[in-house]
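Here is a friendly walk through one protein model, meant to be read with the structure open beside you. Take your time and find each residue as it comes up.

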Amino acid sequence: MNGGRLLVFEGIDGSGKSTQLRLLDEHLRARGVETVVTHEPTDGVWGRRIRAMARSGERVAPDEELRWFVEDRREHVASVLRPALGAGRLVLCDRYFLSTVAYQGVRGFDPQRLLEEAETEFPLPDLALLFEVDAAAGLARVAARGGAAEPVFEENAYLARVAAVFASLDRPYLARVAANAPIEAVHRAVLAIVRQRIGIA
Ligand code: TYD
């Protein structure tokens with residue numbers, strides 16, 4: 001099925017992953033590599049429901065929250081990821097199932113179990129770039145760009161625990177990027193990893 005390549009960008013809020021996705025995309029496009037850029041939560045019905053909940057500051061029950069993210073991903077995989085990969089495209093995706101493992105993993109679900117379920121159901125990434133900053137640095141960046149738009153997911157103690165689950169993950173497709181460094185230095189690190197693992201850039 002997978003003639004294409006799936007690169008996912010993971011990390012806590014304020015880790016800089018979205019900026020790095022954009023920089024990699026610009027780099028690739030300047031070299032004539034066409035990409036498909038996408039993100040989770042999506043802009044579909046489940047994604048909109050998730051964002052409305054996050055902005056409201058009123059959290060739903062953990063099993064409900066988990067279900068929304070999984071339903072959002074099911075729709076995203078079926079309508080965007082599988083068709084793009086099947087067509088041989090290079091997909092850059094801002095957040096994917098490791099976010100569920102880390103964020104919903106600290107809401108009472110066993111992260112290992114969430115990971116196994118996701119890997120059974122969804123296409124595996126060819127590369128998951130994990131941008132690592134400590135929670136305080138992530139929150140400082142979130143504050144600098146205008147504050148916590150989604151207080152539900154961006155509280156300090158919660159993010160520190162999310163970062164700890166990310167830190168505990170170990171998968172062959174996972175590559176860690178020290179994301180405390182200046183944007184340009186992180187970008188160069190991303191390029192080196194993508195060259196080495198995917199053979200492009
Ligand atoms: P985020 O990437 O910050 O989206 P945007 O910048 O477009 O608002 O994602 C929103 C929040 O959703 C973020 O705090 C992490 C959380 N999240 C989960 O808890 N589980 C998941 O599976 C995903 C994809 C995101």
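## Charged pairs, a sheet and a core

E119 and R171 form a salt bridge, with their closest N and O atoms 2.7 Å apart. E119 sits in helix α5 (residues 111-121) and R171 in the loop between α7 (156-168) and β5 (174-178), so this pair ties together parts that are 52 residues apart in sequence. A salt bridge here is a side-chain nitrogen of Lys or Arg within 4 Å of a carboxyl oxygen of Asp or Glu.

This is a predicted model, in which local features need pLDDT of at least 70 and side-chain atom pairs count only at pLDDT 80 or more, while totals for chains, interfaces and linings use all residues. Residues are numbered from 1 along each chain as its sequence is written, and side-chain values use heavy atoms, leaving out hydrogens and water.

**More on the salt bridges**

- Side chains of opposite charge can pair when their charged atoms come close.
- By the salt-bridge rule, the count comes to 16.
- How exposed is E119? Its relative accessibility is 21%, which counts as partly exposed; buried means under 20% relative accessible area, exposed over 50%, and partly exposed in between (1.4 Å probe, protein chains only).
- R176 and E132 also meet through their side chains in a salt bridge, at 2.8 Å from N to O. This pair links distant parts of the chain, with R176 in strand β5 and E132 in strand β4 (residues 127-132), 44 residues apart.
- R176 is partly exposed, at 35% relative accessible area, and E132 is partly exposed too, at 30%.
- R188 and E184 form a salt bridge at 3.8 Å, N to O. They are four residues apart in helix α8 (residues 183-198), so about one helical turn separates them.
- R188 counts as exposed, with 53% relative accessibility, whereas E184 is partly exposed at 45%.

- Which order do the strands take? An open sheet of five strands runs β2-β3-β1-β4-β5, with parallel pairing; two strands pair if DSSP finds at least two bridges between them.
- The edge strands, β2 (35-39) and β5, each pair on one side only.
- On average, neighbouring strands of this sheet are turned by 20 degrees against each other, direction ignored. Axes are lines fitted to C-alpha atoms, for helices over the stretch in contact, and angles run from 0 to 180 degrees between N-to-C directions.
- Helix α1 (residues 17-30) packs on the sheet and touches β1 (5-11), β2, β3 and β4, while its direction makes about 160 degrees with that of β3. Contact means heavy atoms within 4.5 Å.
- β2 and strand β3 (residues 90-94) pair in the parallel sense over five bridges, and T35 stands opposite L90 in β3.
- β1 and β4 run parallel and are joined by five bridges; here G11 stands opposite F131 in β4.
- β4 also pairs with β5 in the parallel sense over five bridges, and L130 stands opposite R176 in β5.
- Is β4 mostly covered or open? It is mostly covered, with five of its six residues buried.

**The nonpolar cores**

- In soluble globular proteins, nonpolar side chains tend to be buried together.
- The largest nonpolar core has 56 residues, and L7, I12, L24, L98, L129 and F166 have the most contacts inside it. Such a core is a set of buried Ala, Val, Leu, Ile, Met, Phe, Trp, Tyr and Cys residues joined through side-chain atoms within 4.5 Å.
- Leaving aside neighbours within four places in sequence, F166 is in contact with residues including E10, G11, I12, L98 and R176.

**The whole protein**

- The protein has eight helices and five strands. Helices (H or I, at least four residues) and strands (E, at least two) are DSSP runs, numbered from the N terminus.
- From the N terminus on, the elements run β-α-β-α-α-β-α-α-β-α-α-β-α.
- Of its 201 residues, 49% count as buried.
- The C-alpha atoms fill a box of roughly 45 × 35 × 30 Å, taken along the principal axes.
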